[in-house]
Amino acid sequence: MMETTNKHEHKNCRQLLGSLSEYVDGELDEELCSVLENHLEGCEDCRIVVDTLRKTVYLYHETAGTENIPSDIRQRLYKSLNIENYLEK
Amino acid sequence: MNGNENKVETEGFSLEALHAGNPEEFSRLVDAYSSKIYRLAIKMLNQQQDAEDVLQETFLKAYRGLKSFDGRSKLSTWLFRIATNEALMMIRRKHPEVVSIDEPVETEEGEQEPLQIIDWCCLPENELLSAETKERLDVAVQKLPERLRVVFILRDINDLSTHETAEVLGLSDTAVKTRLSRARLRLREELSTYFGERRNDLRETQLNKSMHASQKGSG
């Protein structure tokens with residue numbers, strides 16, 4: 001993509017960068033998608049960027065759900081709102 | 001029942017009970033969204049006491065404001081909007097030098113961004129999801145400027161749609177997509193640096209092991 005030993009010209013890579021996020025979400029419009037996929041076939045560097053971008057999003061998704069509100073903070077919240085009677089033990 | 005009320009009913013709440021100040025219904029609302037609001041606050045502020053203050057203030061304001069909530073947006077959108085404003089106000093109070101969330105983005109997409117080509121996808125899953133990695137993921141989010149951080153947290157941590165994120169922040173869908181793209185690319189960059197180092201460390205350890213083994217074998 002930048003300095004690389006590949007023979008391929010990397011002029012277009014940076015222009016495609018802005019569409020990768022929508023691409024990994026599967027939301028890129030059809031035309032741009034086929035332009036991008038054609039490019040990816042011949043550009044390993046861009047494939048690495050797409051794969052690692054997808055993995056980045058995946059890692060955040062995977063770890064997000066594990067972080068819940070600490071129980072002492074939850075208790076104080078219910079107390080401050082005067083609804084501690086509804087706090088499930 | 002009118003159309004507006006419908007929106008709230010689909011989230012599983014009775015607007016009538018909430019308007020009447022029914023504590024049981026309100027506690028159900030708190031139960032449904034407190035974790036996500038807390039997650040938003042802790043990722044925005046990276047400080048437990050501040051996050052707790054934002055969490056409490058959000059629901060206090062919600063409780064007071066419920067009477068005038070008209071159901072034109074989803075309750076969750078409304079709550080996230082209150083929480084986002086509270087978190088941003090907290091940042092302003094502590095760091096008055098920080099730029100506004102509405103400030104236009106200065107460069108064209110990808111123009112000035114660095115770009116590392118390191119393929120770290122094949123690292124083992126226990127490496128990618130280790131406790132140390134989780135810390136690095138948090139650190140990387142903290143490095144994002146707040147206008148990108150808030151979009152990333154709502155979309156990729158709290159799993160809101162592009163449109164709901166846009167409604168929460170008062171931005172267009174396109175602006176949300178652009179900011180999300182920038183945030184993700186910057187995070188990818190941070191993770192590439194980190195995992196690139198981890199990959200080299202792992203290789204070195206393996207190399208040392210095999211050298212050790214062959215020395216043993218020949219000795």
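The part to watch is residues 1-7 of chain A, where the pLDDT is below 50. That stretch still has 13 contacts in the model beyond near neighbours in sequence. Just keep in mind that where pLDDT is low, the predicted coordinates should not be read in detail.

Now, the interface. How many residues of each chain take part? On the chain A side there are 32 residues, in contact with 37 residues of chain B. Four helices of chain A each put at least two residues into that side: helix 1 (13-17), helix 2 (20-24), helix 4 (44-64) and helix 5 (71-80). Helix 4 of chain A gives the most, with 15 residues.

On to chain B by itself.

Helix 3 of chain B is residues 23-45 and helix 5 of chain B is residues 75-94; they pack at an angle of about 30 degrees with axes 10 Å apart. Anything under 35 degrees counts as roughly parallel, so that is what we call helix 3 and helix 5 of chain B. The crossing of this pair is right-handed. Among the residues that meet here are B:Tyr33, B:Ile37 and B:Leu40 from helix 3, and B:Leu79, B:Phe80 and B:Ala83 from helix 5. As for class, this contact has 13 nonpolar residues, one polar and no charged ones.

Next, what does helix 5 of chain B do with helix 9 of chain B? Their axes come within 8 Å and cross at roughly 50 degrees, which makes helix 5 of chain B oblique to helix 9 of chain B. This crossing is right-handed as well. From helix 5 of chain B we have B:Thr77, B:Phe80, B:Arg81 and B:Thr84, and from helix 9 of chain B we have B:Glu164, B:Glu167, B:Val168 and B:Leu169. The class count here is three nonpolar, two polar and three charged. Notice B:Phe80: it is listed in the contact with helix 3 of chain B and also in the contact with helix 9 of chain B.

Last pair: helix 8 of chain B, residues 146-157, and helix 9 of chain B, residues 162-169. Their axes come within 9 Å and cross at roughly 135 degrees, so helix 8 of chain B is oblique to helix 9 of chain B. The handedness is right-handed. B:Val150, B:Val151, B:Leu154 and B:Arg155 of helix 8 meet B:Thr162, B:Thr165, B:Val168 and B:Leu169 of helix 9. That contact divides into five nonpolar, two polar and one charged residue.

Terms used:
Residues numbered from 1 in each chain as written. Chains lettered and ligands numbered in written order. Predicted model: local features only at pLDDT ≥ 70, side-chain atom pairs only at ≥ 80, totals over all residues. Axes fitted to C-alpha atoms, helices over the stretch in contact; angles between N-to-C directions. Parallel < 35°, antiparallel > 145°, perpendicular 65-115°, else oblique. Left-handed = near helix turned anticlockwise from the far one by under 90°. Contact = placed C-beta atoms within 7 Å. Nonpolar A, V, L, I, M, F, W, Y, C, P; charged D, E, K, R; others polar. pLDDT = per-residue confidence, 0-100.
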